Amino acid sequence: MPAFAGVDWGKARAWLRARTGADLAPEQEQAVRLALTSKVAVLTGGPGCGKSVTVKSIVSLAAAKRAKIVLAAPTGRAAKRMTELTGHPAATVHRLLQLRPGGDPVHDRDNPIDADLIVVDEASMLDLILANKLVKAAPRGGHLLLVGDVDQLPSVGAGEVLRDVLAAERIPRVRLTKIFRQAQESGVVVNAHRINAGQPPHLAAYPDFFHFPVDEPEATADLVVDVVARRIPRKFGIRPRDIQVLTPMHRGPAGAGNLNLALQQAISPHREGAPERRHGARVFRIGDKVIQIRNNYDKGANGVFNGTVGMVTALSGEDRQLTVRTDEDEEIAYDFDELDELQHAYAITVHRSQGSEYQPWSCR
């Protein structure tokens, strides 16, 4: 951007330190410069390497120069996280492009997005079709920054956009590799990097990482229910509904489908006289943890998107409606014939969890 052509980066770094309290590592500072001086750039790196702080620094400097900033992510939850991180509103890529299923986006080459800087987080989730529409809608004079972890699962749709972009050497990029001191204390972060490096995880060295070896999938399911419904709440005081179970698959004894049945029975069982609604194989009850499984642009203030998690707060047989309070603190009403848009979310697949971030808890 022209405003950054002659910037004194030493002064910019000092301003950031005073403004945000962050003292950027050299590779983070390199990423900040790159995003503000190259029209297309990629920021990548694993967990605990400072991507979030780097993005916040980029947005803070761009805002200080009165740039028009647009933040986006492929999922509603990831967009919400960007908003919380930067203090600037973020939207899903679909919402940004005003793209509706089966139709053309409002923003395209002939009607580009009005922005000096577009930052797209969780770029590993972009498929070819969505990425194509996004790039076409980028303004000629603007900057596009893709942020993501290339070691995340690829997009559900066709293509591995982030991986292929990083393979194109012409495109400027910074890969953050240093794990910061605070993150080094987390077994989750350290073991993620060890696995990516082809090394076995440390199974008993950290207070936030536990390993329970089980041979049979049926026994695995029983153990998961015991850990979530009883052990963790008893030891750490965490409510079962605040615990998220991830599993590689949907089917099977230890898949999301069966685990949701077992966890619902343990956490939100049938109670005589309490309202509930059966829809196909699922029974919805007040207090159930649920997830939206497709984009619905007509619900809520700004639509409800695939991956939005919430809790059933009301259920009326008379009105034939069920109400969900989402993680965004919005009350969403579902008619009973719309319940195929919801699944239970006590357990979800790893794919469906992409773009999410869960509350860390101290296990010391």
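1. The model is predicted, with local features needing pLDDT of at least 70, side-chain atom pairs counting only at pLDDT 80 or more, and totals for chains, interfaces and linings using all residues. Residues are numbered from 1 along each chain as its sequence is written, and side-chain values use heavy atoms, without hydrogens and water.

2. Domain 1 puts 13 residues into the contact and domain 2 puts in 14 (contact: heavy atoms within 4.5 Å).

3. About 1100 Å² is buried between domain 1 and domain 2, 55% of it from carbon and sulfur atoms; this is the accessible area (1.4 Å probe) lost on putting the two parts together, summed over both. R77, R95 and L153 supply 45% of the area that domain 1 buries against domain 2, more than any other three residues.

4. On the side of domain 1 that touches domain 2, α4 (76-86) and α5 are the elements giving two or more residues; α4 has the largest share, three residues.

5. H107 sits in the loop between α5 (93-97) and β4 (117-120). H107 counts as buried because its relative accessibility is 15%, the cut-off being under 20% (1.4 Å probe, protein chains only). A polar atom of the H107 side chain lies 3.0 Å from the backbone oxygen of N111. Beyond neighbours within four places in sequence, H107 contacts L96, L97, Q98, P112, I113 and A137.

Notes. Helices (H or I, at least four residues) and strands (E, at least two) are DSSP runs, numbered from the N terminus. Buried means under 20% relative accessible area, exposed over 50%, partly exposed in between (1.4 Å probe, protein chains only). A polar contact is a pair of N or O atoms within 3.5 Å; within protein, one must be able to donate a hydrogen and the other to accept it, and residues adjacent in sequence count only if both atoms are side-chain atoms.
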